[in-house]
Amino acid sequence: MRAKFNFFSGNPSLDLINTEEMRRGKRVDLLSNIDDLIHWFQTLVHMGAFSQEQFADLGGQPDEGVLNALKTLRAIIRELFEKAANNGIPPLELIEKLELFTKNAPFAYKYKEDRLIPVPTGSFQSSLLSLIALDALDICTSGKLPELHRCENPQCIWLYLDSTGKRKWCSMKLCGNRMKASRFKLKSEEQPES
Ligand SMILES: [Zn+2]
């Protein structure tokens with residue numbers, strides 16, 4: 001399996017919006033077909049962002065309809081998180097759109113290892129979208145919004161959560177090194193271009 005998805009936060013809503021990335025100045029969609037969708041979903045289960053119990057008894061399959069609905073949700077969450085990262089205030093009309101996604105697959109709860117796991121009650125599509133919308137709503141209401149930042153690389157569109165207040169990049173490995181290298185290049189040029 002290709003290591004296609006480089007961003008994992010443990011928050012499926014954040015991981016979803018970061019399935020779009022910039023490559024050589026172009027916006028690239030990492031969820032371009034159903035195979036990508038299945039790969040992304042399995043990766044999040046593998047990384048523990050979703051648990052098997054949450055998708056144990058569902059009807060429906062990952063298909064074109066799920067992919068399109070997921071992209072609609074992704075656009076809503078991106079707009080919400082970008083606005084909230086700018087001024088700390090999540091727009092109410094976008095919150096209400098997320099609430100509608102949770103209505104389609106409300107939750108039962110399962111006790112596991114001292115935690116309560118929300119288990120959506122709906123089709124695969126409704127359940128997947130409901131869990132991701134719930135995660136985005138949780139970020140907006142659990143005091144985490146001040147930790148939401150845009151990557152400081154102007155060529156990057158990723159957002160991330162940071163509780164230390166020290167992190168500047170989505171990833172040191174990706175943008176951090178890139179930005180350090182370009183600053184070093186600028187410094188070492190005698191007459192930097194204006
Ligand atoms: Zn970045």
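1. Basis. The model is predicted: local features need pLDDT of at least 70, side-chain atom pairs count only at pLDDT 80 or more, and totals for chains, interfaces and linings use all residues. Residues are numbered from 1 along each chain as its sequence is written.

2. Overall fold. The protein has six helices and six strands. Helices (H or I, at least four residues) and strands (E, at least two) are DSSP runs, numbered from the N terminus. Along the sequence the order is α-β-β-α-α-α-β-β-α-β-β-α.

3. Dimensions. Along the principal axes, the C-alpha atoms fill a box of roughly 65 × 35 × 35 Å.

4. Of the 194 residues, 27% count as buried. A residue is buried if 20 or more other C-beta atoms lie within 10 Å of its own, exposed if 12 or fewer, and partly exposed in between, with C-beta atoms placed from the backbone. Two residues are in contact if their C-beta atoms, placed from the backbone, lie within 7 Å. Among contacts between residues at least 6 apart in sequence, 60% join residues at least 24 apart.

5. Core. The largest nonpolar core holds 35 residues, and L73, I77, I132, A133 and A136 have the most contacts inside it. Such a core is a set of buried Ala, Val, Leu, Ile, Met, Phe, Trp, Tyr and Cys residues joined through C-beta atoms within 7 Å. Two or more residues come from each of α1 (12-17), α2 (34-47), α3 (64-87), α4 (92-104), α5 and β6 (159-161). Helix α5 gives the most, with nine residues.

6. Helix α5. This helix covers residues 124-141 and reaches 26 Å from its first C-alpha to its last, close to the 26 Å expected. The expected span is 1.5 Å times one less than the number of residues. Of its 18 residues, 14 are buried, so α5 is largely enclosed by the rest of the structure. Leaving aside neighbours within four places in sequence, A136 is in contact with S13, I77, L80 and L98. Just after α5, G143 takes a positive phi of about 80 degrees.

7. Helix α3. The end C-alpha atoms of this 24-residue helix are 35 Å apart, which agrees with the 34 Å it should span. Its buried residues include V66, L70, L73, I76 and I77. Their cover includes α1, α2, α4, α5, β5 (148-150) and β6.

8. Hairpin. Strands β3 and β4 form a hairpin with two residues between them, and E113 in the turn has a positive phi of about 50 degrees. Six bridges join β3 to β4 (residues 115-120), and the two run antiparallel. Strands pair if DSSP finds at least two bridges between them. K112 has R115 as its bridge partner in β4. Of the six residues of β3 (residues 107-112), zero are buried, so this strand lies largely in the open.

9. C175. Helix α6 (residues 172-188) contains C175. C175 is buried, with 20 other C-beta atoms within 10 Å. Not counting residues up to four places away in sequence, C175 touches C151, N153, C156, W169 and C170.
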